[in-house]
Structure formats: C-alpha cells, structure tokens
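Here is a short briefing to keep beside you as you look through this protein. Please open the sequence and the structure before reading on.

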Amino acid sequence: MKYTILTANDEEKTPSSFLPSGVIAKIVIYLSVVMVFVSCNTLNRLEGFVYYRLSANPATLDPALIVDLAGGSIAAKIFNGLVRLNEDMEVAPDISEGWTISPDGLAYRFRLKKGIKYSNNQDVKANDIKYSFVRILDPKTRSPNIWALDKIAGAKAFMAGRARDVSGIKVIDDHTIEIRLEKPFSPFLYLLTMPAAYIVPEGEVRRLGPDFSFHPVGTGPFVLKEWLPDRTLRLEKRDDYFDNKAIVRGIVYRIIPEDLTAVTEFELGNIDVISIPASHFRKFMDDPKWNRHIYPVKGINTYYLGMNCSRPPFDRTDIRKAVSLAIDRDKLLTTFYENRGRIASGPVPDILRKWEISSGYGYDPEKAKDIIERGGFENRAINFHVTADQEVVDMAEFIQAYLNKAGLRVRIKQLEWSAYKEAINRGEPDLFWLSWWADYPDPENFLFPLFHSSNFGPAGNRVRYKNSEVDRMIELGQHANNKTKRAAYYGKAEKLIIRDAPWVFFWHKTDYLVTQHYVTNFKTYPVYTMDKGTEIKF
C-alpha cells in the first residue's frame, strides 16, 4: 500500500488563491462521458417509475446486517418497524398503534395494528417482533447492529450463551409485546426507528437463509422485483399497503459510481432525482434551468477537526483552543465550501439542540500564535491524517496553512479509507478530519459515542477525550425520562465539551438534491428512514 506524504509549503494557501488539483483530469473524463452518451441518450424507461441514482451497490437488504446508507434507504421502503419518525422527527406509531412506558422507564408495551400483512400475504404477529429482535442479538446472525438492542434486559446473558432466550422481550398475545430494559435509556424509542429494528417474517428468513439478504420480504409500501448487482435495483408498489400507498408505480435505482456519469445521465433525463456532487454544485445553482428545482436538506451531522487529547501538545486545553482560534471557519465555509453548510458552535447539530449555547470560538490568529508560543510549542511537528478524497485534501491544505501561520509545523499524510480509519482508531495522528452523522435524531447520539470516556477509539471517541463530569451529565441524560431534564443534562455536557475544545467544530453540512421539472410533490428528509417513497409523483 502506498502512502503519499505532503509537507508544509513555504507559500501560504488561502481560500481565495487555492486552485484544487485534478481539474484537467476531471475535464477530460467529463468530455469522455459526454461523447459516450451523445449517440445513445435515451434510456428504455419503465412508465410510471421514478429513477434515482445510487453511487454504490447495497451490500445487503437484510435489516439485521445493513450498515450502509444505500441499503438503509431502500430497506425503509420494504420494511416497517414498531415505530417511525414523523415529519417533526418525533417518534410515531408504525405497525404499532401505540405504546405505554412504565413509570420507572424500564418497560415498553406495544399494541400492534391488526390486519397488517407481509408482501407474501402472511399476517404480522407479535411473535415476529420478538423473533426479529432476538435474531439481531443472536451471535449466529453476526449482526453489526447489536448495539441498537443490547440495552434490553437479558440481552447480554443471551449473547454470552448464559441464557436460551432474551428475558426482556415478552409476547403478551398476538398483537401485544412488552420490551423491558436493563436500566432506563431515554432514546430507546429512537433506536426502534432504525433499520436494525425493522420487522421480518420468521418463516421467510428461515426458508431463505442467507438469500433473504437479496430476496427481502417485509410490510413496506414496496417490494423488491429485480436486483442486478452494480447495475439496477427495481421496487414495485404494493396495492395492499396498510398506510399511505405509493403514487408512482415503482422506483428504479441506477447504480452509477462516477459523479460525472450520474450528472450526465440526469441531464439527459435518464435519472429523475440526484444529490448534487460538490464538484457540480455551482454549475446547478447558477443554471436557471435547474436552480428552481433544487432542494436543500439540512443534514444531522457535524464535521470536525479532531485533536488527540491523550498526548502533547493536544493534551493541553489551551493549545486545543489555540487551534480553534487559528482557523477562519467562516471564510472556509463561504469560499471553499460554497456555503454548503451551517457553522457549528458545538458537536450537537443545530436542528437537534434544545438549549442555548455561545457561538463558540471565533477567528483570532494573533491570540492563537501567542498561546502556542507561550506554551513552548512553536514549530512543533504535528501529524495530520486525512483520506485521499480530493475535497478533504484541499481542506487539509487550508487548515495546514492556518496552523503553520500560528506557529505549528503541520505535516499532512493521506491514507485510503480503511487504513485511515484504522490509524485514527489506534490514536496515531495528532490531527484528523472526520464527520459524524446521526444514527438517530437525538443529542445523545452526538454526546455518548463521541465524548464519553468509555468509548475511546473505534466506539467513537477517537480524540480520546476524558472528563468525568461530562460522563456524568451524559449518563444522567440517558436515564432521565423527562425531556426538560434530559435537555438540561445534555446542554451542560455540551457546554463543558465546547469549553475543553477537543474538536474544532466546523459545520453541519447541507446536502442539495435536484429533480427534473416534471417531478412534483417531492419532499426532503433529514433522516433517510423517514422517506418511504410514497409521496413523489409526476
């Protein structure tokens, strides 16, 4: 494996003077793509179907095994859970008609809607819910999503082989099930909106075995009719769906890895909706043909520069604060990043925060330089790891220039993704560039995995930050069954994290989708599981 080492240049780079590398190569590729499609620009489309683009082939459509966005977004149209997220990102009934929670916050009892059927015409029963959840926890399944359900009472004993069943899941009757937790966990209902908690039919899973991943059977508004790996995937609507039925006849996902190819296919009318690649953002925004059909999606994410808090120089709070003061995030957002996001004041995304915080750290390069000099770290060599993605490399060079100006000597090291992730999990770099995207829309998902001291390394706390009071506030929030108390605890935790500055909080990315002019009733969703595909029409 080859690694490319980039060192600091004598010439300072700024957003206004930097020209990203690879432009000529992209032009050549684009012209090649245009020439390929100029003589065959008509796709043999299925009437009444909406066409989307996927950049990668889904690994699986089995909810127990899904970890990728592509698989999860498709699964949301094939399956349902006990609960779902409504348009306000609040938990609402799905195949359940409602639930009750015991006063101690441990027992959740769900009553199922009657008459719901799988696409094979079998009725959904409470036993299916128990089977689906136990299957996730069963070591034989090898599910990467165990963490979503391991808070259920008896789960750990079952997974360790000390029990034959999960004691905390109890079927009351065909339409009632109770789930008891080991201890209160306030975001538990949010976990049940995730693909890992989708309900599957026991008979079909046992009959198909591993093939269930590619021939899924669920209760959702669509069924999988065809899957040609690395080419297309076709869903067709169900006329017997229990909720709002799809307006379109079906959905076709075209698997196109190359952004230039996808954009060309969209412009030829062979795709109806695409997410605008960063390299084409300005092109679409400035084109009156398309800019009336662009839809922003405020992402539940945070992009950050992580600092290894376990060793010098970033084991010192003052030096970490100096790094934040040295970088003009506003300028980077408005120039290099073309305003495709919102400045972050802390780790919790703006649309999830229910408390007030200060605006965080501003841009004060002189103060940053003074702190670094007084700390004795002037010209200190700093290892900065990034992925080989060109946009990330460009961003790293801007950050390098800012920090070099503040007195540090930053060396950039590019790694391919798997090697990069392994390196930061082991704590190798001093600095690294990363983002965190919500698994579920609750502040806890941005606090516990990323900053609790029990999660060093692969579990999420890759900066190895430790603060016992932050740990305590997060835990109190997890166990509080009152929304006001939860917000108070999480707010205190976030303010302490901002004070300690283990990250430079950059921004929350906004994605942009563009549709063909004939697409109507198009809606965007901050969480992919919210999109059941039933509203869009022509």
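The notes below cover a pocket and the strands that connect to its lining.

This is a predicted model. Its second largest pocket holds about 730 Å³ of space, and 31 residues line that pocket. One of the contributing elements, β5, also leads us into a set of paired strands.

**The second largest pocket**
- Sorted by class, the lining has 18 nonpolar residues, alongside seven polar and six charged ones.

**From β5 to β6**
- Strand β5 runs antiparallel to β6 (residues 107-112), and five bridges join the two.
- Within this pairing, T100 has R109 of β6 as its bridge partner.
- The two strands make a hairpin, with five residues between β5 and β6.
- In the turn of that hairpin sits G105, whose phi is positive at about 75°.

**From β6 to β8**
- On to the next pairing: β6 is joined to β8 (residues 176-180) by five bridges, and these strands are antiparallel too.
- Here Y108 has I179 in β8 as its bridge partner.
- A handy reminder when viewing strands: in a regular strand, side chains alternate between the two faces of the sheet.

Methods: Residues are numbered from 1 along each chain as its sequence is written. This is a predicted model: local features need pLDDT of at least 70, side-chain atom pairs count only at pLDDT 80 or more; totals for chains, interfaces and linings use all residues. Side-chain values use heavy atoms; hydrogens and water are left out. On a 1 Å grid over the protein atoms alone, a cavity is a set of points where a 1.4 Å probe fits but cannot get out, and a pocket is an open set with protein on both sides within 12 Å along at least five of seven lines; lining residues have an atom within 4 Å of a point. Grid points are joined across faces, edges and corners, and a volume is the space filled by probe spheres set on the points. Helices (H or I, at least four residues) and strands (E, at least two) are DSSP runs, numbered from the N terminus. Ala, Val, Leu, Ile, Met, Phe, Trp, Tyr, Cys and Pro count as nonpolar, Asp, Glu, Lys and Arg as charged, and the others, Gly among them, as polar. Two strands pair if DSSP finds at least two bridges between them.
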